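Dear colleague,

My notes on the contact of two chains follow it.

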Amino acid sequence: MTERNYLWKGFPHILHGGDYNPDQWTGTPQIQEEDMRLMKLANCNEMTLGIFAWAKLEPEEGKFDFSFMDRAMDMIAENGGRVILATPSGARPAWLSQKYPEVLRTNADRTVNLHGRRHNHCFTSPVYRKKTAEINARLAQRYKGHPALLMWHISNEYGGECHCAMCREAFRDWLKRKYKTLDALNEQWWTYFWAHTYTDWSQIEPPSPLGESSTHGLTLDWKRFVTDQTIDFMKNEISVLKEITPDVPVTTNLMGFYQGLDYRKLAKELDAVSWDNYPVWRGNEISDIELASDTALIHDLNRSLLGKPFMMMESTPSHVNWHTYNKLKRPGQHMLSSLQAVAHGSDSVQYFQWRKSRGSSEKFHGAVVDHVGHENTRVFREVAELGKRLGKLDCIVGTTTVSKVALLYDWSNNWAIDDAQGFQRNDKKVMRTIRKHYRPLWRRGINTDVIGFDDDFSKYSLIIAPMIYTVSEELENKISDYVSRGGIILCTYMTGMVNENDLCHLGGFPAGRLKDVFGLWNEEIDTLYPDESNKVYAAGREYKAVDYCEIVHPTSAETIAEYGSDFYSGESAATVNNYGKGRAYYVAFRDEGDFTDTLTEALLKEAGVASEFDGALPNGVTAHSRTDGETIYVFLENYSMQSQSAYTGFTWSTADSGEVINGEISLKPYETLILSRKLTK
Amino acid sequence: MTERNYLWKGFPHILHGGDYNPDQWTGTPQIQEEDMRLMKLANCNEMTLGIFAWAKLEPEEGKFDFSFMDRAMDMIAENGGRVILATPSGARPAWLSQKYPEVLRTNADRTVNLHGRRHNHCFTSPVYRKKTAEINARLAQRYKGHPALLMWHISNEYGGECHCAMCREAFRDWLKRKYKTLDALNEQWWTYFWAHTYTDWSQIEPPSPLGESSTHGLTLDWKRFVTDQTIDFMKNEISVLKEITPDVPVTTNLMGFYQGLDYRKLAKELDAVSWDNYPVWRGNEISDIELASDTALIHDLNRSLLGKPFMMMESTPSHVNWHTYNKLKRPGQHMLSSLQAVAHGSDSVQYFQWRKSRGSSEKFHGAVVDHVGHENTRVFREVAELGKRLGKLDCIVGTTTVSKVALLYDWSNNWAIDDAQGFQRNDKKVMRTIRKHYRPLWRRGINTDVIGFDDDFSKYSLIIAPMIYTVSEELENKISDYVSRGGIILCTYMTGMVNENDLCHLGGFPAGRLKDVFGLWNEEIDTLYPDESNKVYAAGREYKAVDYCEIVHPTSAETIAEYGSDFYSGESAATVNNYGKGRAYYVAFRDEGDFTDTLTEALLKEAGVASEFDGALPNGVTAHSRTDGETIYVFLENYSMQSQSAYTGFTWSTADSGEVINGEISLKPYETLILSRKLTK
Amino acid sequence: MTERNYLWKGFPHILHGGDYNPDQWTGTPQIQEEDMRLMKLANCNEMTLGIFAWAKLEPEEGKFDFSFMDRAMDMIAENGGRVILATPSGARPAWLSQKYPEVLRTNADRTVNLHGRRHNHCFTSPVYRKKTAEINARLAQRYKGHPALLMWHISNEYGGECHCAMCREAFRDWLKRKYKTLDALNEQWWTYFWAHTYTDWSQIEPPSPLGESSTHGLTLDWKRFVTDQTIDFMKNEISVLKEITPDVPVTTNLMGFYQGLDYRKLAKELDAVSWDNYPVWRGNEISDIELASDTALIHDLNRSLLGKPFMMMESTPSHVNWHTYNKLKRPGQHMLSSLQAVAHGSDSVQYFQWRKSRGSSEKFHGAVVDHVGHENTRVFREVAELGKRLGKLDCIVGTTTVSKVALLYDWSNNWAIDDAQGFQRNDKKVMRTIRKHYRPLWRRGINTDVIGFDDDFSKYSLIIAPMIYTVSEELENKISDYVSRGGIILCTYMTGMVNENDLCHLGGFPAGRLKDVFGLWNEEIDTLYPDESNKVYAAGREYKAVDYCEIVHPTSAETIAEYGSDFYSGESAATVNNYGKGRAYYVAFRDEGDFTDTLTEALLKEAGVASEFDGALPNGVTAHSRTDGETIYVFLENYSMQSQSAYTGFTWSTADSGEVINGEISLKPYETLILSRKLTK
C-alpha cells in the first residue's frame, strides 16, 4: 500500500521552469519584466535562482547586494510561481581566490589551478567552507518565509577532486579511521607487492600520474574519500540552511552515472534527488529508441536513490552546446522526453535555461527564450504546449513507483573494474553491460529499481546483478540469504573476484559461499579480441559470445547453455542452480545478441513479473507506471517515428484530458498517453 | 589606370635565390667559393643572409664577428647579386638565455621553457628588445650602403605567445586601453555568467589550461593582444633599421593563414609582404589541382594584404622534411609551382634553402645543392632552368593585379568561430569553407582579392563573405552601404551572430540591419552529424546540404533554393534580396557538391566579371593576370598531368620568348605559358 | 669445434621455475609449505627470489629481517632446487624516498616524481648507489655459500631515465669525456644550425619538451649517456656482489628490443643474458606463425649478445594482465613457446610468476598457482607436463648455436632513424623491416645471429644489414673489408647517410667507400604515401614497392630489379656489385610482398647456407639447432594449428625419449620434436 510522497510543501503541481539568471541582466531591467510576461505564456510555475550569482550577491568581501534577487523573488511570487534557490558555491568571485589562494584546486599532478572556470575549489579548505556557509546563511536569513521559496538547490553538479596538502592530510585521516592500523591497510592494499609497504601514514599520497597509480586499493579508497569529502563539504553547506529554514527541503543536481562520486552515499544527505538530463536525441529511430532505454535507466536510478519521486532539474528545450554535434530536438521530441521523466517518477520538468546567456561559454545552449527575445519560435511554442499539459497533471504529483525487479549497480564496483589491470584493459564496458541488461525490461514495460549493495533485496522477486566483481563477506551473505529465501538472481562472468578493497578472494571465484549459491567454480576467464567471438547454444538456438568467456565447472548447477567452439566447446556457458527456495543464474560469457533478452523473458515469467501495460508493446513503445495506491497511472510512450497501435483489456481514462480509452490504442509518432484506472484491491 | 609598384630599388628583376647559411660552413671556406660558382650555374641573383646567425655574429656578449657575412656580402655583390639581410632575433645565442632568463618564453600552463629550439622568446621582455635592437643596429651600421644590400628580412616567421608576468601585465594594460573601465570589459565579455565578474584588473589572467578557457571574449582579446605585442616587438626591430638605412625596405616572412597572428594588422608595418610556401604536391592529379587552388588563395591573400606585389620568400626545390610524408616534387612541378607565385603577384622565387645543412633538424629539407655537393642532380637542373626563364621576365616586375571580386576573410572572425562552444564543436571548418568558395573563382580564371573587414569594399562588384559570424555595428553598416549602392554580396549560415567581442546580438540573427539587407531572420541552426545530410532543390536540380542547415524566415527575400527533407522540408535554403541598388544572397546551409559552383557562376554573370583568359579553361587549367596598365600578362597554368588545349580570340605573344600565339593553344603537362598583349584603352 | 658453455656451476639441468614471492605471504606461513608441495608436483627445480623484497628485508633504515628469505632458501635447498637471488633495487621502501628525496626520478619536463610505482629512481644519486650497495652486500654476506644460491639477478628490467641536476651534470661530464672540446661537440652536433652553438658546457641540457628536441646529435648522445649511466649504476650493484661471491654468476633480465637501452653494451657487464618473453599468442594461425618468427628473432638477439646460451627469465604459463587483450594461451601453446626458447639457446624456462599475487597491479597476471590455490587447473597440469619433459633434456644444457648468417641490428642506428626529421616522419618502421628480413631465414630453418656494428663480421657467409643509416668511418671500412674478403652483404635504402653522430656524409650517399662497395650512388629518396606503391620488376616477376623508393645510379653495379612506374620507371631498384672477392647487394626500395623472400633464398644459395633440418619445412614449421660439437640437436617446431609432415634423409633419435625417427616425420598441432644425431667429423 503506497502513499503519495511529496518532495516539497504546499504546491501540489508538477514543476515546470528552470535556471533563471536575472543577475546577468541587471543592466537592462526591462528584460526582467519581459521574462514575467513570457513565463506566463510558457506556462511555467517555477524558476531556479541564484546558481553562480555569488559575484553579484557579494561583489566585494562582506558587501552584499540582494536587489536583483529580491526583485525576482517578489515578481515570481506575485505571478504565483515558486523559486528553488541555489547556494552559489559552484563558482566563487575572483576576489575570493585572489585573497585566499588556498581555495584553488590542486590537480593530481600537483599543479595548482588559477582562478577561472567553475567547480574549481578545494572541498577541504576551512576558508572556503567558512565563506560558503556565510553566504548560505545570508540567503536563508533573507528569504526565510518568503512565499516564493520552495526548496534549496545546493551548489551545482558537485564533482572533481583536489590534491592540495590539506586534502592529502584529510585523506590520511580518513584512512586512519577506516583501517585503524597501517598493518591492516598494508594487508588490504596488498602493498607487499613491489615493496610498497607503508611504514608511516605520512608516506601515503593520493594516486597521481607522478606517483602511484597501480595500487588498486589506494585508488579505490581515494575515490571513496573524494565522495566522503564532497559530502562533508555539502553537509557544511546544508547545516546552516537547515538551522535557519528547517522546513525547506534541500536537493542538489546530479549527473546520471557520473563516475566521480558515489551518488548513493551522497543522496542520503538530501531531501530530494534531482538530476540534469541531456540525452543525445538525434531524430534517428534506431539510436533514439536505444537512447530512450538508456535514459529511462538513469531516471530509474535517480528515483531509486531515495526510493521516492525525484526531479529533472535540468534539460534543454532544444539542444545543448557541448555535445560533439549539437543537433536540434525534432518537433515532438521535447514533449516526449519531458514526459519520460515524469513517467519514471520525476515531479518536475526543468530547463537549463530560461533565457539564453548573451555571452561566454554557454551562450548557444538551448533555452526557452532565444536571443531573438520573443515568443514566436518553435521552441517556445513547444515549451508552452508542454506546460499546458503538465498543468493538468496534478494527480501525478507525489505518486510512487512499485517495482518487483531490481538491477544491481554499485559505484565502487564499477570503479574497481575500470581500474582492474587485466581482461580487455582499456574498456571493461560495465555501463554498456548494465544497459544491455536493462533493455529487455524497458521494452517489456517493467518497472525497475536500480539499487546498490547496501539496499534491501527482500522487496524484489528478481535481481539482475551483472559484473559484481567486488563482493564483500556481507554481500556474499546477503545474496546467499536472498536466494535461499526464494529470490531469483542473475549474475555473470567476473562475479566475486575481489573483496571490497580489491583484494582477491582465495579459494577461487566466485567468492566463498557464492560457489554454493551458483553451484559452480570459475577456473579461467578467456578474454577475446574485438574481432573474435564464440558460439553459444541454448535450447536449440545459437547465440554469440564476445569479449569474455569464463570456463566454469558446475558442481550442483544445471547447464542451460554451452559453448560452441574453441578448446572449451561443450563447456557450460550459462547455468542455473536451485539454492534454498530460490534460483541462481550464472551467465559465464558476454552476450552480443539476443541471449540476454531471451533469458530475461524467462526469468520474468519465473518471477511472476508482468508489464505495467496489459497489452503487447510494439517496437519503440514502452510503459511505466506510478501510483498512489488507489489509482495507477500508466505512461504509454512511443519513441518510434511511426504511428503505433496497442491493445488493452482494461478501460482507462487519460490523466490529463479524461478521455476514455479501451481496446485498440493509437499512438502518433513521439506521442505519450497517460492512462489511469482505479486499482482493484 | 595602374602603375608598376616596385618592392625594392634599382634591381628590376624577378628575384631568384633563397636562404643562404655560410655561417654554418666557416670551417670549410672552400664551400663558400663553390657556392658562388654554383649560384651562377643555377641562375640565381639573390641570397637571404643571416637568419639564425646570431651565435656566429656575437659569440660572446658584446664581442662581434662579421667576417663570414662581410665575405658573403662582398662575393655576392661581385657576382652581381643582391642580399636580403635578416635580423637574427628568431633564435638567440645560448649565453643570452643563460645570462637573462627573462627572455625565455612561458607557456600557457605557466611552465617556463628551457633554452633551445627557436621562436622561443618573450615579446615583452625589455632585455630581449634591447638586445635585438643592438644587433640590428650593428648590422645596419655595417652594411649601410653596401652594394649587395637590397632589403631587410625582419626575424623569421614570427609566432607563438608568452605568458610570463611581464606579458600578463602588458595584457592588462592593453585591456585598460581598449575598455577604459572594468564595467565595460565585464559587459563585453559577459562575465556575469558563472560569476566571472572582475572587480580588479589584477584578477585578469590570460587563457590557460589551468584557469580560464571558456570566456570567449577573453580568449579573443588575448589573441588580439598577442598580435599587437608581436607587432610592437617587430616595430622595435624595424625602427632602429629605419633610422640607419631609411631607404632599405623591410619585410618579414609570413605563413599563409597561420592562426597565431592577424597578418592584416602586421602587414601594415611592412614595406613588402613575403611568405613561405610549402604546399603538399603529391603527383596525384585530383589532389594537386585542388591544392593548386588552395595555394593560389594564399598567394592572393598575401598580395591583398598591402594591395601590391609580394614575395615568395621560401619554397623548396624538391621536398621538405616536416610534412608527414615527404615526397619528391615530380619533374616540372617546380617550374609550375614557382610560376604560380609570379602569376598571383610575387616578384620573387626564393628557396629555403640554398645548400642542405649538414646536421640537426632540417638536414633533410630539400635544397638547391644537396649533400653530394655538385650540380649534377635533377633538382639542380630544374632550378637552373627556372632561373633562366625568370631571367627573361623583367617585364613582369612591379606589375599589379586588378580584381573585381573579393573574398572576405578576417582573422578575429575565424578565431571566434573556432572557439565557439556549439555547432560541430571540434571543427567548424572555416578554412575549408573559404577554400570551397574560392575554388569556382580559381577554375574560371577570375582575379580575386582576399580582403578584411576594414578594407575598402567599394572597388568590388562582388563580395563573397562566408561565415562572417562576428559582425560589429561598423561592419553591419558597411555591408548595408555596399549593397545599397549596387554591390552584390553572398553570405551564409552563421552570419552576424555576435559582435566584435563575441557578444550575441539581441533581437536575433543576422545582426540588426542585416535582417533588412538579406530580407530574412534566422530562427534556428540545425547541426548535422557527419553521417547525415539534407537535400536542397534549386532551379530543378538537387544538391546536398551537410553540417549546418539554418531555418530562416524570409521577410522580403526571394527563395532560390529549398530544403528537401526533415521537418524543415520546403523551407528556404538560399535566398536573394534586392536592397537599394544591390543584391544580397544568403545561403543557409553548407554545400557539399556543386551548389556553390553553380551559384558563383550566376553571381559572376550578374556582376559582369569575366575570366582573365578569353577562352574556356579545361580541367586543371587556370589563368591569372598582372598588368602595368598598358600591357596585360596572362599566366595560363596547367596543373593537370595531361596535355590540354585552350582557344583564344586574341593574338598574344609570350612574355619570356616573344613567340606569337593565337587560336588553339597547347599546354603540356605542368606547363605554364605567360601571354602578353597590349590593352586597348 | 664447439664446446658446452655452462651459465652456472654444478647444476647441469634446464632450469624450470620462476619469480617466487613468499615475502608477500609472511602472514600465512602454511602457504609457503604448500608452495613446496606444489613445486614438486609442477616439476620445478628453480625459484627466483627477492625481486621487490626490499621493504620486507629492511623495514626500517638499518633494521634488517631476512627470516622469510632464510626459510625459502633452506626449504628450496632441502627439496633439491636452486635459487636465483635478486637484488631489490627495482623498487625501494617508502622510507628511503621520504628520507632521501634525491633518489626520486626527475622527468624530461623537469617535474619530480613522487614515491610509487617501480623503476622510479635516479641512476646517478650517490645515496641510492650507497643504499643499493649496502643491501646487496648484506644479501651476499648472508647467502654466500648457501647450497641453494645459483646466480644473482641484478635489479629488474632496468629502464627509464632521470633529468635531475645530478644527471644533467653527469651528462655534461660524459660529453666532455667524449668530445674533449666544445668546438668538437658543436661540429658533430652541427649546432651552427639555428644559432644553437654552445659557448659553455653548462648551457647543455638534456632533450626536453620544454627545451631542445631537434638537435639530433644531442638526442642521440643523451640516449647513449642513459645506457652508460645505467651500466654504471649496475656495475655499482655488481661489484659488491663479485667481491663477496666471486664465483656466483650475475645476470639481469632484458626486454627484447627495448629502445631505452643499448643492450649490446649492457650485456658486456653480465655473466649471462636473460630476458622476459611475453609474446601475444592468439590462437590465430596466421598471426601466431608471424609472431613465432618475431619471437625467434628476439631469442636470437639475446643469444648473440654474449654469443652463448641465455635464459628466459620470465614468461607466463597462461596470460599476462597488461596486454590490451589478455587472452588465454591455448592448450599446447605453453609447451611450444617454452621449447622455442630452448631451441634458440635458452637453458631455462622461467615464469613470472609462481603464485598469483593477492592484490595490487599484477594480481591477474598468469601464474603456475592460481588464486584457487590447488593443482587441479589446466595451467598447472601443462606446467607440470612441460617440467617433466625438460627434466629429460640435460643433454641440451650448455650446447651452443652455430650460425653462418647474421642480421645486423644496432640500437644507436635505430634511435637515429626514429629521430630523423624527414621520410615518413612518424614511423620509419625499422623493427618491422628487421622482422621482414628475418622471416625468410626463420621459415627456412636457418640459424641466425643478430649482431651489432662492433661485432666480428668474419664468422659469417652472409650479412643482412637493412637500413644502416648511421655509418661511421670504422663501419665503412669494416663492411668494405668484409666484402672484399669474400663476404656477401645485403643493404637497403637509407644506407650510410650520416655518421655515428647523425652528421650527414658529404659527397653523397652511401658514405664514402660504400659507393665503391655497392657500385652506385643514391641521388634522391622518394617517400610514398601509405596509399601509394610502385612496381618493381625482377627476373620476369612483378613485386611491390612501398614507403621508400631511392633513385640510385649504378656505377659498377649490375641492376637486378627495376622500377615499373612513376618518373623513375626503368631505373634500378636493386643491384649487385662484385667487390673484391665478395658481392654487395643493394635494395633501393621497401618491399611489401615476396621480393625479400625470393632474394634471401638466392643469397643463401650463393652463400652456401642450408637449413638446420635436411627436409622441406611445411608452412608454420621451422627448425633450429644447438650442438656440443659432437651431437646436433634439431628442434622441429610446428606453430600451425594443423598436423604437418616433414621428410628426412637422416636417422635421428629424439633427445627426450630416445625414439628413433626417420623418413616421414609427423608433427601434431603445436608439437615440438627434439631430434638428435651424431655429427660426422
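A salt bridge is here a side-chain nitrogen of Lys or Arg within 4 Å of a carboxyl oxygen of Asp or Glu. B:Glu532 forms one with A:Lys327, their closest N and O atoms lying 2.6 Å apart. Between chain B and chain A the count is 7 salt bridges.

The model is predicted, so local features need pLDDT of at least 70 and side-chain atom pairs count only at pLDDT 80 or more, while totals for chains, interfaces and linings use all residues. Residues are numbered from 1 along each chain as its sequence is written, chains are lettered from A in the order in which they are written, and side-chain values use heavy atoms, without hydrogens and water.

In contact (heavy atoms within 4.5 Å) are 53 residues of chain B and 51 residues of chain A. The two chains bury about 4,700 Å² between them, 57% of it on carbon and sulfur atoms; this is the accessible area (1.4 Å probe) that two parts lose on being put together, summed over both. In chain B, the residues losing the most area to chain A are B:Trp190, B:Trp194 and B:Tyr529, together 16% of what that side buries.

As to symmetry, a rotation of 120 degrees with 0.0 Å of shift along its axis superposes chain B on chain A, with an RMSD of 0.1 Å (least squares on the C-alpha atoms of residues with pLDDT of at least 70 in both). That is the relation of a three-fold axis. B:Thr111 is the residue of chain B that comes closest to the rotation axis, at 5.9 Å (C-alpha).

With kind regards
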